[in-house]
Amino acid sequence: MSSLSRPLTGQSRRTSIARPWTAQSRTGTTRPGTARPQTAASTRHEGRYVIALVESRGTAHEVGIGALDKDTGRVMLVQLADCPTYVKTLHQIHIHYPSLVLVPDTSLSATDATLASSGRKPPTTSLLVQFIMEEFPNVPIEPVARKYWNDAAGMEFITQLCVEDDERAATLVSVSDKYYALSASCALFKHTESRLNTRFAACSLRIRYTSVEGTMMIDPETAKSLELVNNATHKRSSHSLFGVLNHTYTAMASRLLRTNILAPLTAEDAINARLDVVEELVQSEDRFSEIRDALKGLNKQDFDKLISSLAASEVRVSGTAKSASARVSQMLNLQSVVRGLPFLQKALMGSKPQLLQIIHDMISDNRLALIADLIADNLNDELGSSKGGLAAVNARVYAVKANRNRLLDVARETFKENVGDIYQLNTALSEKYGLPLTLVYQESGFIFALKKDELEGELPKGFLNVSARKGRWLFSSMELKKMNARMKDALDETLILSDKIIQELVAEILSHSGALYTASEAVALTDLLWSFAHASIIRPEFTGTLAVKSGRHPILETVQAAGTLVPNDIYCCDVSHFQIVQGKSTYLRQTGLLAIMAMCGCFVPAEYASFRIHDALLSRLSNEDDMEKSLSTFANEMTSSAMILGLATSKTLVLVDELGRGTSPCEGIGIAHAIAEELIKIKCFVLFATHFHELSTTLSRQPSVVNLHLSVQRARRSAPGLGMVFKYKITDGLPEDLDHYGLELARLADLPSDVTEEGKRVANALANLHARKEEESQTSILAIRRRAVLKLRSQLTQALDYSALPEEELVAYLARFQKDLIQIFCETSSV
């Protein structure tokens with residue numbers, strides 16, 4: 001394997017890799033900019049990853065990715081072989097949504113590398129970085145000196161920081177020969193030290209190597225078109241697959257849900273294990289309620305963030321009371337978390353599904369009880385974390401038990417006396433001026449408050465900083481300011497002395513951080529599966545055939561009134577794997593969403609559902625220009641089509657909507673036909689929505705092609721209607737009941753009669769010409785018969801492998817196959 005770094009020079013030889021805590025001064029100390037503004041909703045489920053990535057030189061497109069969420073202590077390492085459009089890499093970046101992207105300084109040109117300090121720059125920015133800039137326009141990209149992309153130092157970082165748990169050995173073995181992933185991890189941790197001023201304690205990060213083979217790849221455009229995470233129209237709307245499925249209580253489960261939607265599982269055993277849990281929660285109301293009550297006690301808790309914040313320390317220590325206060329608050333939060341785990345443990349006791357039994361064991365770790373004992377020995381049991389005000393301050397002041405440090409006890413007593421003096425001052429001033437003054441605690445200290453309707457005239461002299469807020473006057477006095485200053489000094493001293501004891505406690509707890517991370521994973525998975533139990537429709541099966549009876553669009557079902565959504569059947573197997581759908585594109589989206597739900601381990605809205613395990617979901621669903629990339633509709637179509645043909649395998653699910661509409665009809669039909677034939681050769685499952693009726697003829701010699709259409713019913717015209725009813729029901733075959741319903745709609749829409757008549761005459765002439773040619777085509781007859789025989793083979797195979805019918809019903813079932821085959825042969829022989 002060729003070396004990634006440049007030849008050693010005198011300067012690079014001096015760079016030590018023995019212990020990778022270096023380079024603070026060499027890379028600068030300027031804090032990087034942030035990405036798009038984070039809302040409470042986005043930070044809850046997206047995370048804020050810093051991503052480092054590097055690619056191989058030449059044409060191999062080997063990419064190494066390291067992603068760190070500093071807030072949660074999660075580190076993901078990936079190495080993959082990508083295609084020229086880097087779809088797989090962009091997919092991984094979408095899963096771990098970035099606030100900053102780090103790349104080698106040799107990947108950016110001089111014009112793009114605005115943050116680079118020195119070094120020779122290439123004439124052009126690498127293609128991978130250009131794709132990232134286009135895909136994530138609001139995320140800053142920062143160059144890191146090439147010498148810091150070092151695989152040996154990266155391995156040292158991982159060995160030193162990876163948490164001691166059951167997966168540590170597997171992580172170290174998996175990543176040991178991943179040269180580019182190790183190089184990315186080195187740059188990632190160097191940046192964390194030098195720019196983020198953060199150093200993590202040994203064995204405190206949950207580092208995982210992720211294999212792309214274990215999940216289904218969904219390209220970014222498909223994720224956007226299917227509205228997997230965000231609504232396409234309104235970003236804050238909950239009308240997305242994530243919004244439909246998200247009933248989680250904890251932030252960890254919310255992030256896990258987002259990851260699973262963007263990268264569903266491909267291991268059938270793991271999916272069925274999840275489905276077993278969901279089935280029990282659906283069938284057992286008591287179990288569902290007990291888990292819900294246990295999760296409520298952990299509501300809005302973020303274990304990962306809590307553990308990471310305790311493990312992180314500043315490289316350049318400031319030692320302020322603010323950081324001490326934060327650490328005390330974190331320990332109080334950890335205390336409430338550890339107290340809540342036994343309730344979940346009790347709720348899971350006696351569960352039948354093996355996965356719930358494993359989760360129960362994960363949160364029954366003896367080390368968790370040891371952590372609880374350590375906290376109980378050092379912290380007061382009666383105090384808990386409060387949201388704000390004086391109660392929150394008192395919780396931090398009295399967090400540590402008495403008699404642990406005599407200086408701390410004295411400082412607390414001083415703080416208590418100062419607070420008492422302030423209350424005495426309030427009482428004295430109230431009596432002096434005859435006003436019902438109250439005290440309000442703010443971050444800067446106490447202030448006086450008085451309702452506006454309780455004050456006649458002006459405030460007495462001596463009061464300062466008067467302001468009005470929510471029907472009250474807020475003000476202070478010089479004496480109160482002096483008392484606040486004395487109280488603040490006592491408070492800071494109390495927190496700093498408490499922090500010394502807390503730090504000793506944290507050091508002991510971090511030696512068992514593996515148990516905390518394991519418990520976090522267990523709670524997140526339990527919360528996720530409990531959330532899935534809300535979609536209690538039908539359990540899907542995995543048989544290798546895509547067969548759904550009365551399936552419904554999961555997002556539209558929550559938007560439309562009950563009973564108004566028309567269900568549709570889906571059937572796709574190895575014999576009929578290419579389906580031409582003339583009509584509703586919602587049918588395609590419904591198919592993709594149901595497959596994703598099933599592979600996440602969730603029930604689906606249908607009467608029956610059978611799925612195949614897909615390695616990728618690829619689509620071309622949007623027919624819009626891409627102004628940012630300067631691509632027309634047709635150019636965008638061809639780019640997406642090239643990506644699909646390059647990535648699709650026989651296990652891929654492909655959704656294509658109106659391909660070839662961005663150019664002339666003749667060229668559009670020709671290109672659509674050529675792409676369709678390539679997809680047929682690949683033998684992937686394809687739903688191909690089009691209004692090019694000619695494709696049904698040009699592809700008729702392919703036995704695996706099935707024609708479907710949206711049923712339309714003619715009705716008597718009424719004043720408010722057009723005289724035509726779209727049933728939104730997908731049925732087999734070509735649309736024969738109503739020819740040229742586009743012209744019919746044009747007539748009913750009050751176009752001039754001579755225009756519609758001329759259009760109908762030309763359309764009928766062309767249709768009759770095509771019909772005569774099709775009737776005379778022996779190739780078409782042969783294709784129909786071949787397709788019927790292949791369909792019979794598929795049906796017989798399915799009956800043999802999966803049928804559980806009694807003998808008499810099975811005989812009748814097979815007789816229908818025979819009758820259908822005879823009918824097709826009779827019809828074609830009479831042509």
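Against which elements do the buried residues of H5 pack? In this predicted model, the buried residues of helix H5 pack against strand S3, helix H6 (168-175), helix H7 (179-194), strand S6 (198-200) and strand S7. Helix H5 spans residues 151-161, and its buried residues are Ala153, Gly154, Phe157, Ile158 and Leu161. Viewed down the axis of H5, these residues fall within an arc of 140°, and they therefore line one face of the helix. The N-terminal end of H5 is capped by Asn150, a side-chain oxygen of which lies 3.0 Å from the backbone nitrogen of Ala152.

Two of the packing partners of H5, strands S3 and S7, belong to an open sheet of six strands with mixed pairing, ordered S5-S4-S1-S2-S3-S7. Strand S3, comprising residues 74-81, pairs with S7 in the parallel sense over four bridges. Val75 has Ile207 in S7 as its bridge partner. Helix H3 (residues 87-95) also packs on the sheet, where it touches strand S1 (49-55), strand S2 (62-69), S3 and strand S4 (98-104). The direction of H3 makes about 170° with that of S3.

A further site considered is Leu525, located in helix H20, which covers residues 513-532. The relative accessible area of Leu525 is 16%; because this value is under 20%, the residue is classed as buried. With residues up to four places away in sequence not counted, Leu525 touches Leu256, Arg274, Leu355 and Ile359. The C-alpha atoms of Leu525 and Ala253 are 6.4 Å apart in space, although the two residues are separated by 272 residues in sequence.

At the level of the whole chain, 29 helices and 23 strands are present. Of the 831 residues in the chain, 50% are buried. Among contacts with a separation of 6 or more, 74% are accounted for by residues 24 or more positions apart. The accessible surface of the chain comes to about 39,500 Å², and carbon and sulfur atoms contribute 52% of this area.

Note on methods:
Residues are numbered from 1 along each chain as its sequence is written. This is a predicted model: local features need pLDDT of at least 70, side-chain atom pairs count only at pLDDT 80 or more; totals for chains, interfaces and linings use all residues. Side-chain values use heavy atoms; hydrogens and water are left out. Buried means under 20% relative accessible area, exposed over 50%, partly exposed in between (1.4 Å probe, protein chains only). Contact means heavy atoms within 4.5 Å. Accessible areas come from the Shrake-Rupley method with a 1.4 Å probe; for residues, only the protein chains shown count as cover. Two strands pair if DSSP finds at least two bridges between them. Axes are lines fitted to C-alpha atoms, for helices over the stretch in contact, and angles run from 0 to 180 degrees between N-to-C directions. The arc is that of the directions from the helix axis to the C-beta atoms. A polar contact is a pair of N or O atoms within 3.5 Å; within protein, one must be able to donate a hydrogen and the other to accept it, and residues adjacent in sequence count only if both atoms are side-chain atoms.
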